[in-house]
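User: Could you show me how to read helix contacts and aromatic pairs in a model like this one?

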Amino acid sequence: MRSIALAWLLSATLLQTATPVMAQAGSESCGSLKNGYGPYDYRTDQKMLAIVDQFHFTPQVENLIKPMGQHFGGDFDYTLRASPNHHRALITLARFSRQVNDPQPPATRYSVDCYFVRAMRFAPDDMIVRMIYADHLTKSGRTGEAAQHLDYATFNAGDNAFTHYNIGLLYFELKLYDKALQRAHEAMRLGFPLTDLKSKLVAAGK
């Protein structure tokens, strides 16, 4: 797994300081967040989510080897209703959607976009969700939308070095080298130890 994915899982909680970009027209159609179990915050409620991971987001599901039921979509749906901002489930769902080339894979209750909208509604201060979504949008060719989410995450990153570093990697993927360079400098100023982003920028002559 790329260093960006590891850093996502290590990043600390960020504080929201501005109105979210892209209010997502029609987000109401993505359903209520009320659920029979939860919903729980992936960042702070790991004890409550252990049973969800045990029965619905197993290593076999996360690695897209074998679903617990008939379809992977049912496992993703249950997990993301119990914890809308479940980072690993969002990463895997996005990857699965691209793999099957379907914006709403079989047995999912909502589109992939909707699951991200629900995650942002549930935890608007969770910048990791924004970055996961930006990565998915980039890989899906929706680069303009990806850049907007990264701009928002940049504005709200505070002094979180992991976040600045990961945003920089994602800007680099979008070939927004000036913005990637700014995030690299900020991550270094804050003491971030990894130098992959710096190496990428040097190799690209940026």
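**Helix contact and aromatic pairs**

Analyst: His87, Leu90, Ile91, Ala94 and Arg98 in α5 meet Ile128, Val129, Ile132, His136 and Lys139 in α7, where contact means heavy atoms within 4.5 Å. These residues divide into 6 nonpolar, 2 polar and 2 charged (Ala, Val, Leu, Ile, Met, Phe, Trp, Tyr, Cys and Pro count as nonpolar, Asp, Glu, Lys and Arg as charged, the others, Gly among them, as polar). This is a predicted model, in which local features need pLDDT of at least 70, side-chain atom pairs count only at pLDDT 80 or more, and totals for chains, interfaces and linings use all residues. Residues are numbered from 1 along each chain as its sequence is written, and side-chain values use heavy atoms, with hydrogens and water left out.

User: How are aromatic pairs read, and how many does the structure hold?

Analyst: Rings of Phe, Tyr and Trp (its six-membered ring) pair if their centres lie within 6.5 Å, with planes under 30 degrees apart counted as stacked, over 60 as edge-to-face and the rest as tilted. The structure holds 9 such pairs. The ring centres of Phe72 and Phe96 are 5.4 Å apart and their planes lie at 65°, so this pair is edge-to-face.

User: Is Phe72 buried or exposed?

Analyst: Buried means under 20% relative accessible area, exposed over 50%, and partly exposed in between (1.4 Å probe, protein chains only). Phe72 is buried, with a relative accessible area of 12%, and Phe96 is buried at 10%. Phe72, Phe76 and Phe96 form one aromatic cluster.

Key. Helices (H or I, at least four residues) and strands (E, at least two) are DSSP runs, numbered from the N terminus.
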